[in-house]
Amino acid sequence: MNVTVFSESRNISKCFSALEKSREHELEYRPLSELRKTVKGMGKGSFIYVDISGMDEPERKKTLNYLAKLEEPGYGIIDPKGAVTDMAHLFYSGARDYIGKELYRSGIGVKRFALTASFRRDPEEVEDAGKPQVKRDYLFSGSDWKGIKSGQEYTFIFMFIEIDNKSEIRKMGQARASQVTAEFHDYVADKVASLNGKIWMWMDFGGLILFPFDGKGCDPILEAFKMVLDSRIASSEEFGLDFQLTHRIALHIGNTVYKSRGNTGTIVSDSINSIFHLGQKFAGKGDFCITGEVSEFIPRGLEKCFADAGTFEAREIKKMILPV
Amino acid sequence: MQIRSAMTNLAIKALSESLNVDVMTVIAEKLMHNYDLYQRTGYPSNIPIQKIDAAKQIVKDIKQQDLFLDLINLLILFHTEGHMGRKYQIQHLKAIIRDVQEAGMIYDQINRTFVENSDFKKTRNWGVLREGQEYIQAFLRLDIVGNTKLVKKYPEDIIQATYADLRDIVKRSIDAREGRIWNWEGDGGLVAFYYGNKNFSAVTSGMEIVHDIFIYNQVACRLDNPLGVRIAVHSGLCEYTANEEDLKKRDVIKKLVDIEAKYTNPNSLSISSVVRNSLDKQLSSHFVPVNGGKGNDIFNYQLRWVQ
């Protein structure tokens with residue numbers, strides 16, 4: 001195998017002396033400045049090591065991000081100063097080897113490198129490399145409700161939805177107001193049903209819907225987008241109103257213990273708090289807000305229909321650009 | 001719709017047990033021009049016709065002329081609203097309606113007529129429109145902008161797939177509102193609405209199609225540029241025909257084509273003032289006069305964004 005080591009260190013060859021002696025591998029040493037140019041022509045028969053010891057933090061981050069995007073060649077990180085604090089993350093990002101302080105001193109043996117060379121990321125992971133990377137503390141609930149058990153913690157897509165025109169509806173009298181809010185409940189239930197969404201909590205004018213999440217996509221984005229556009233139709237068609245009923249929607253992906261509807265009173269969840277705060281405190285009339293966890297999954301082409309809306313409770317928020 | 005003998009017998013009982021011969025004759029004359037009950041039953045003109053004989057003859061003739069549902073519609077009207085200021089309690093009406101519904105029809109409260117239940121059957125004429133008869137209908141027309149150029153520019157599979165996508169969008173929207181595609185030529189088509197509040201259904205279908213095409217163009221369109229579609233809605237009295245060439249000659253269709261071709265921008269919906277005037281305030285508020293309202297009575301809807 002062709003092994004290229006990118007480093008500014010004069011003593012770097014000591015670490016690879018055993019490999020050089022074995023003559024099983026072709027070793028080459030290059031300065032870090034040639035990393036991108038050299039890597040371009042490399043394929044599966046090559047392997048690179050990158051020495052990050054001389055880099056400051058921004059440069060190190062930039063280099064690691066660049067390497068994470070490489071499918072080939074395989075790469076290892078040389079880190080004699082122990083600058084990397086989360087080694088596991090390196091491997092999640094595609095690294096196949098990590099040479100820390102001790103290993104740097106002792107050098108890499110032939111057997112070890114054989115293991116390194118044969119170590120590959122899961123093919124599915126490689127296939128999914130271009131897709132949004134999901135956070136590793138997700139506890140995927142799946143694509144439907146079959147495996148979801150009460151009392152267990154899962155990652156869900158949360159949708160908060162609430163009618164804006166509360167006072168106008170209250171003015172219509174209790175009977176008519178109850179009818180409109182009941183119709184709104186059924187309308188929402190109908191819209192989310194095809195995506196396996198379930199209304200989980202409901203107050204008079206809105207509530208919280210849960211969608212199972214398998215990490216592969218976030219279909220409620222498109223459904224909510226359409227609901228915003230269609231609200232001017234639904235106001236007349238579904239609710240028989242002579243004014244436009246608008247609603248605010250917030251989407252978030254996060255964890256919660258699952259309990260059936262009506263038995264959720266004792267659940268303590270940061271995600272539930274966040275989605276309610278986002279929907280009730282941040283979102284304005286007619287808004288459709290999504291957290292950073294959701295925005296990774298905006299369907300390609302629809303990104304330009306969302307604008308950055310700053311941060312709220314330490315989460316980056318995007319808002320749909322609304323039609324007038 | 002197939003009229004089973006049990007349903008026929010119920011109708012005969014309903015007439016004979018609820019109405020006298022004079023009122024039965026009024027109903028028969030409403031449905032059958034120049035109807036002469038004495039001549040049909042063979043009774044001498046100086047002898048009163050028995051109620052049961054009158055009922056049997058009227059129902060028989062109505063069935064022969066394929067007017068059975070019209071008879072039931074009239075009976076419902078006599079029962080609910082009366083005739084000439086007087087209400088009539090029509091016996092067995094609930095059972096008749098149940099039988100008609102079991103035969104695949106539903107009652108359209110707004111138009112006071114039975115139409116086919118699309119859960120069971122979906123035909124071009126809703127199971128009730130008859131060739132040569134006039135009905136008030138709403139129509140929606142769609143046309144793909146620059147069809148000829150698109151066909152020249154893109155391979156056939158791309159064009160076919162794109163046009164199939166459009167048809168799916170249209171079908172999803174109109175099916176939910178009991179619209180029927182009367183004509184589809186690949187690059188667009190004509191949709192008719194008869195059931196319920198037809199103008200409202202045609203307009204909301206058109207608005208939803210505008211929304212769906214917007215989303216389609218962002219996330220799924222196979223073309224280099226957004227797919228452009230012009231949509232128009234107009235309504236009026238139209239003589240029913242299954243012949244597409246004859247249909248094009250109808251005034252309401254000619255005006256519809258005119259609205260679509262002359263007053264509609266790509267990916268927008270234009271409607272006539274007749275249609276707009278029938279909409280509620282909320283829905284009509286989303287339409288603006290075309291050309292500022294000068295020289296025409298057309299109103300347009302499109303998605304507009306904050307700049």
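**Figure 1. Strand β4(A) and strand β5 (residues 97-99) of chain A pair in the parallel sense over 3 bridges.** Strands (E, at least two residues) and helices (H or I, at least four) are DSSP runs numbered from the N terminus, and two strands count as paired if DSSP finds at least two bridges between them. In this pair, A:Ile77 stands opposite A:Tyr98 of β5(A). β4(A), helix α5 (residues 87-92) of chain A and β5(A) make a right-handed β-α-β unit; right-handed means that, with the strands pointing away from the viewer, the path from the first strand over the helix to the second runs clockwise. The model is predicted: local features need pLDDT of at least 70 and side-chain atom pairs count only at pLDDT 80 or more, while totals for chains, interfaces and linings use all residues. Residues are numbered from 1 along each chain as its sequence is written, with chains lettered from A and ligands numbered from 1 in the order in which they are written.

**Figure 2. Strand β3 (residues 46-51) of chain A is a parallel partner of β4(A), over 5 bridges.** The bridge partner of A:Asp51 in β4(A) is A:Ile78. Between β3(A) and β4(A) the chain passes through helix α4 (residues 57-68) of chain A, in a right-handed β-α-β crossover.

**Figure 3. Burial of strand β4 (residues 74-78) of chain A.** 5 of the 5 residues of this strand are buried, so it is largely enclosed by the rest of the structure. Buried residues have 20 or more other C-beta atoms within 10 Å of their own C-beta, exposed ones 12 or fewer, and partly exposed ones a count in between; C-beta atoms are placed from the backbone. A:Gly74, A:Gly76 and A:Ile78 point one way from β4(A), and A:Tyr75 and A:Ile77 point the other way.

**Figure 4. The open sheet of chain B has 7 strands in the order β4-β5-β3-β6-β7-β9-β8, with mixed pairing.** Its edge strands, β4 (180-184) and β8 (288-289) of chain B, each pair on one side only. β4(B) runs antiparallel to strand β5 (residues 188-193) of chain B, joined by 4 bridges. B:Arg180 stands opposite B:Ala192 in β5(B).

**Figure 5. Contact between chains A and B.** 23 residues of chain A are in contact with 16 residues of chain B, a contact being two C-beta atoms, placed from the backbone, within 7 Å. The chain A side has 13 nonpolar, 4 polar and 6 charged residues. Here Ala, Val, Leu, Ile, Met, Phe, Trp, Tyr, Cys and Pro count as nonpolar, Asp, Glu, Lys and Arg as charged, and the others, Gly among them, as polar.
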